[in-house]
Amino acid sequence: MELKSHRFICYFLPEQAAELCQIAEVETFTEGAVIFEENEIPDSLYLVLEGTIEFCKHTASHHYQTVAWAEPNDFFGEFGVLDGQPRSARAVARGKATLAKIDRDRLMEILERSPGQVVLKLFNHIIQYLRLTTDRYVEQIVHKQKMTLIGEMANTIIHDFKSPFTAISLASSMLTEIHSEDEDTLEWCELIQAQTARMLAMAEEVLEFTRGSSVLHKKPVNLATILQKFEKLNRIYLKESNVKFIVRAENLVVEADENKLIRLWQNLVGNAVEALDGREGQISIIAAARDKFAAIEIVDNGRGIPDAIHDRLFEPFVTYGKRGGTGLGTAIAKSIVEAHGGEIEFESQSGKGTKFLIRLPLSKTTEVISAQGTA
């Protein structure tokens, strides 16, 4: 946007506005550039012309906590300009940002010559901004407390479940030895082993998510193979849910953590089953190559995602009309996709179902498979 049309400039009378535009220094900042540090002595006011600015405070745990954001047409640094006290937060450019910098001393001179209505407009903005910042900060504190509580619960589950799961695993191993020639028994015991390991892994993943970290054990994974495994693990669940499950996958290889991908399918397919609300329905997973990505579509013909949560679907604790829902399923799914360098998006219509589209970078191994297939 143009400097002369910025909200801050428009507060002033035409003569003062022209003077402010003349003394302002326009500067462009790259991603991650620090505009000023917390506790720095203030020397300027900043007007945002393009891009986004993040404000964060240093915490006792030596991390930075985001407290506010500034977008085009916003301005910041006014507290330090008005009271001369050190900066209360760190300002960092998120993406390319263009700012207009106005020297503190020159600005104070202009304010002293300004009529009362200009000062009133400025203070009205400051009060509104303080209210908005306070609301955002409270939301972040509540979010942090929720994540801490869920993390403690996940840790307790992992601790308490290890002993009975170990016993189940040993029992299924003994049954495997006793009935080593019975193929059905071997298959069921294998399923028991896989499901117990999977339950512990799910609790571990929730714990990782609450800590904001994701440990990946990546290796070349064939999507067709892993989707077949996923179908086998969920065959009984899907059958009892009256769901027709379709998988069509090309021989695509991605560098991925197999358990994390299974959790990804589980979260999205589980939500789709709930969206069918007990009635007969269909869920399909289709994986195909598109450029250098594996494109995976998960499609259902359920009731669709409510419009009220479309914009916040991938945020933690966002849920709508689900009994016992935590609102973590899609948030964890998104974190898994992004940890693998991929992208996730969705399309949904009320009463017509939902389609999730996931893009994961293909491994070079896929190129070898493709070459062999055309040889």
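E37 and R90 pair up in a salt bridge (a side-chain nitrogen of Lys or Arg within 4 Å of a carboxyl oxygen of Asp or Glu), with their closest N and O atoms 3.1 Å apart. This is a predicted model, where local features need pLDDT of at least 70, side-chain atom pairs count only at pLDDT 80 or more, and totals for chains, interfaces and linings use all residues. Residues are numbered from 1 along each chain as its sequence is written, and side-chain values use heavy atoms, with hydrogens and water left out. Searching the whole structure turns up 15 salt bridges.

**E37 and R90**
- The two residues sit 53 apart in the chain: E37 is in the loop between strand 2 (34-36) and strand 3 (44-58), and R90 is in strand 6 (residues 90-103).
- Helices (H or I, at least four residues) and strands (E, at least two) are DSSP runs, numbered from the N terminus.
- E37 is partly exposed at 30% relative accessible area; buried means under 20%, exposed over 50%, and partly exposed in between (1.4 Å probe, protein chains only).

**E54 and R94**
- In this salt bridge the closest N and O atoms are 2.6 Å apart.
- E54 belongs to strand 3 and R94 to strand 6, so the pair ties together parts 40 residues apart in sequence.
- E54 is buried at 8%, whereas R94 is partly exposed at 33%.
- Shared partners join E31, E54 and R94 into one salt-bridge network.

**R113 and E19**
- Their side chains meet in a salt bridge at 3.1 Å, N to O.
- R113 lies in the loop between helix 4 (104-112) and helix 5 (116-178), and E19 in helix 2 (residues 14-23), so parts 94 residues apart in sequence get tied together.
- R113 is partly exposed at 49%, and E19 is partly exposed at 22%.
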